[in-house]
Amino acid sequence: MRKSLYVVPVVLASALLAACSSSTSSDATSASASASTDTASASASTSGASCGTTVDEIAAAAKAEGNVNLIALPDSWANYAGILKSFRDTYGLEAPVATPDASSADELTAIKTLMGQPSKPDAIDIGPSFIGQAMSENLIQPYMTTNWAEIPDNLKDAAGNWVGAYYGIMSIATNTKLVKTAPTTWADLKKPAYKGMVTLNGDPREAGAAFAAVVAAALANGGSYDDIKPGIQYFADLKKSGNLQTMDVTEAALLSGDVPIALDWSYNFPAIQQKMKDAGFTVAVTIPTDGLYGSYYAQSVVSDPVHPCAAQLWLEHITGNEGALGYLAGGAIPARYAALEKAGLITADMKKNLPTADQISQITFPTADQIGMMKQQITDNWGPMVADA
Amino acid sequence: MKSSRAMSILKWAFLVLIAMYFAVPMLAMARFAFQNVPTVLLTSDTLLTGWSLGGLWSALSNPKVVSATWISLWIAVFAIAMNFLLLVPLAIVTEVRSPRMRPVLTALTLVPWVVPPVALVVGVSATFRAAAPWFLANTLCLVPFYALWAMPFTYRVLDNGLQAMGARTLFEAARGLGAPLWTVILRVIMPNMRAALVAAAMLTTALVLGEYAFASLLLKSTLPTQMLVYAGGDPRGGLALALFVLVVTAVCLGIVVRLMRKRGVSLPTTGF
Amino acid sequence: MSHFCCQPEGMSMRALFQRDSRLGIAVAAPFAAFIALFLVYPITVVAWKAMTPGGNVGFDALARAMSGTYRQGFINSTELSLTSAIIGGLVGLLLALVVSTLRRPRWLHPTLESWSAVASQLGGVPLAFAFIATIGTQGLVTKALAGLDLDLRDYGVTVTGFWGIVVVYLYFQIPLMFLVMTPAIAGLRKSWREAAAIMGASPARYWLSVGGPILAPSVLGGMILLFINSFIAYATVFVLNQGGALVPLQIRFLLQGNVITGQEDLGNAIVLWVITLLVASLFVMTALQRRALRWMRS
């Protein structure tokens with residue numbers, strides 16, 4: 001009798017709560033969904049106007065907001081260290097970067113998880129394979145920077161939902177102290193000499209860099225932007241032969257020597273060359289000749305941002321001259337490269353970290369539909385073929 | 001005689017092997033963390049070169065790490081307080097008045113063990129995030145959940161402590177002598193529970209300093225999650241910080257074990 | 001012993017009973033409400049959502065959670081947990097047995113108990129770092145073995161692979177088993193050993209007929225505890241192999257929403273399976289514990 005006294009109220013209370021929650025959560029989600037579309041459309045019509053028409057006006061509005069929440073911008077990624085420093089020095093905002101090593105999927109999760117919280121990211125930087133998801137889930141809102149006209153069409157969304165401020169080429173980076181002969185092609189990586197050495201920067205289902213590596217491998221093995229199954233098969237073979245290891249490419253792993261061969265963007269290595277030298281290593285970066293894939297990353301203002309004007313300021317900064325020169329120093333090609341060259345702002349010395357002009361000319365970006373299809377192929381096949389094998 | 005000698009040698013060899021298995025990773029970590037030598041050159045030749053605590057100081061002075069540490073400590077304090085508020089009266093009442101409730105309560109406090117952090121976070125996301133997002137906005141929202149996972153061993157430690165001191169006899173004796181209820185609890189029972197209370201507090205702190213899954217999946221910045229983020233940018237400092245936290249946790253738990261042994265109380269292994 | 005131990009002068013039995021049950025409820029109600037709100041409520045919602053995929057009651061989501069890549073995840077997790085539970089269990093048992101037979105030095109037993117209490121709680125991120133420093137590509141043990149011309153990779157032991165993770169998990173599995181077995185072994189009375197010897201039983205026969213069966217419930221219970229401990233471990237394997245096909249990592253993956261639309265309930269379904277597994281284990285462990293206590297009390 002005594003025992004049931006305790007059990008009954010617990011069960012009743014939980015049942016009541018569960019019943020209430022299923023109705024309230026559906027109400028809550030539908031209410032918030034309609035609310036977010038309202039604010040999205042409202043802010044879309046007023047996004048540019050509410051903060052200012054020149055960078056100075058936007059900067060003043062941003063200063064009034066006080067800060068901007070950034071996410072997933074590692075220091076050594078396309079010289080974000082330098083770009084963040086110039087942003088912080090010029091505009092006086094603290095601009096903290098949460099979880100620098102987070103993947104594109106982590107960024108979208110952060111927006112959803114931190115909805116309604118003051119630490120929600122204001123602007124994101126994601127791989128193109130996540131743009132579709134970001135738009136369909138209403139996680140980003142359009143914003144056209146003041147220099148929109150100078151950005152090539154293939155590096156921006158027509159409706160202003162995103163801009164690709166920089167792009168680069170997928171490359172193979174080798175720790176030449178640990179690996180005697182560096183691989184130069186995708187076919188090379190299959191050699192047994194590289195057992196346990198080849199590393200992807202994340203999971204292709206979650207990270208844009210790993211996704212790009214699969215696409216590049218597909219191009220090298222008879223695939224195309226319409227079918228990247230050969231790329232998935234390639235990595236399945238690499239895993240089977242033991243060449244692929246499952247650690248992530250992070251700065252820590254590179255510096256400790258746990259990643260002898262990294263598959264990552266060419267602009268991720270100039271920044272750590274010195275640190276690698278201090279650690280006793282040297283890094284050789286090659287762009288594989290049999291499969292060349294270049295891509296951009298998409299930056300957007302997050303929908304319903306905590307600091308809307310500061311988010312716009314951040315986009316202005318990275319597409320503006322200072323940001324572009326920062327990316328250049330890191331070895332990435334900025335979106336407004338042509339405009340900067342015309343203005344005479346690019347010296348020969350600044351191009352030293354870039355891929356060769358010939359390699360850059362070979363870059364073609366896939367269409368949004370092709371990206372969607374490639375993402376579907378990876379979502380369906382990467383698990384069964386590679387991750388679980 | 002000979003066989004027992006051989007057995008003795010075998011036993012000690014086994015113990016030495018086990019000791020090496022437990023010591024080597026810590027030593028390796030110490031070398032990686034505190035030797036200012038490139039990892040490639042960390043061999044037996046460089047055993048004594050470049051030892052410095054620089055990595056640890058830079059980690060401990062990093063503002064994000066400091067704030068994450070403070071948050072973790074506050075979470076521990078609040079979780080301990082919450083657990084004591086909920087469980088101490090319950091444990092005392094059970095021991096003194098209703099011993100038949102003991103198996104029921106032991107079972108009830110074991111329920112959180114059945115829902116590990118990695119599972120509960122799915123539930124919390126599905127419910128609290130939709131129904132009360134303001135709750136999850138604060139990092140202190142972790143407090144009730146950490147209190148939950150501390151419950152299994154907290155209750156057992158408190159119960160063991162009460163049994164070891166003979167709480168029932170003490171209670172009846174004090175009441176028989178005419179002491180009012182509050183005096184009995186505050187001046188007779190609680191002082192004797194000091195060891196159990198400290199032990200439970202230390203175990204909860206160890207839990208809070210080590211719990212990663214729940215905090216990271218709710219995107220909270222606690223010491224364990226911040227440790228990993230910091231290690232991404234400064235590998236040597238990150239390792240130093242990790243070793244430091246490990247040592248602190250070990251010291252806390254060492255205190256627990258000594259206290260418990262002094263009082264003749266056995267250490268609870270959850271579920272058993 | 002009377003349930004109502006001491007009656008203060010002047011209070012009737014009825015009044016005492018009323019005060020007692022009010023006291024009981026006053027003490028237990030906050031506790032019950034706490035567990036209801038923070039534990040039962042989220043899990044009930046998860047269970048409900050797992051069993052009503054897409055709004056209709058059905059076991060579709062539960063079935064999908066056990067097929068394809070998630071089935072592989074459960075298989076991998078089970079293999080990993082079984083391996084680390086059995087190896088950890090045997091080594092822990094051996095350690096407890098060896099230590100129980102050694103009288104000298106006096107500090108051995110208490111020191112090992114302290115160390116086990118500490119080490120069984122260690123884990124997570126620092127432990128993963130420690131083993132990367134030990135058996136990783138640049139690990140000290142890897143380098144030492146390379147000096148002896150032994151490459152761990154040839155034996156399939158990489159810090160991010162199956163056996164590497166088993167080795168890492170053993171770090172807290174062995175002490176946990178030691179903690180479980182030490183009281184059980186202490187419960188083996190010396191008099192039983194002597195009685196068996198008097199009756200002419202060899203040590204092997206003693207262990208087979210007396211010691212073994214008495215310890216068996218504790219050993220089994222301990223191994224189940226180790227199994228569960230390994231199954232739900234998240235932080236260590238997250239650092240070593242983030243994209244691996246293990247249940248905790250797949251839960252995280254699903255929480256991120258990385259699924260094809262229409263499969264959002266998979267996360268809830270997997271959690272329900274995991275909780276079912278844990279509840280079943282708890283029942284078995286409790287039954288085994290009662291069995292083991294029978295001998296310890298006698």
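1. Start with the polar contacts between chains C and B: the rule picks out four residue pairs, both partners at pLDDT 80 or more. A polar contact here is a pair of N or O atoms within 3.5 Å; within protein, one must be able to donate a hydrogen and the other to accept it, and residues adjacent in sequence count only if both atoms are side-chain atoms. Salt bridges between these chains number zero (that would take a side-chain nitrogen of Lys or Arg within 4 Å of a carboxyl oxygen of Asp or Glu).

2. Keep in mind that this is a predicted model, where local features need pLDDT of at least 70, side-chain atom pairs count only at pLDDT 80 or more, and totals for chains, interfaces and linings use all residues. Residues are numbered from 1 along each chain as its sequence is written, chains are lettered from A in the order in which they are written, and side-chain values use heavy atoms, with hydrogens and water left out.

3. Now, who touches whom? On the chain C side 88 residues are in contact with 81 residues of chain B, contact meaning heavy atoms within 4.5 Å. The buried area comes to about 7300 Å², with 81% from carbon and sulfur atoms; that is accessible area (1.4 Å probe) lost on putting the two parts together, summed over both. Phe31(C), Phe34(C) and Phe38(C) supply 9% of what chain C buries against chain B, more than any other three residues.

4. As for confidence, chain B has a mean pLDDT of 85, and 95% of its residues reach 70 or more. pLDDT is the predictor's confidence in each residue, from 0 to 100.
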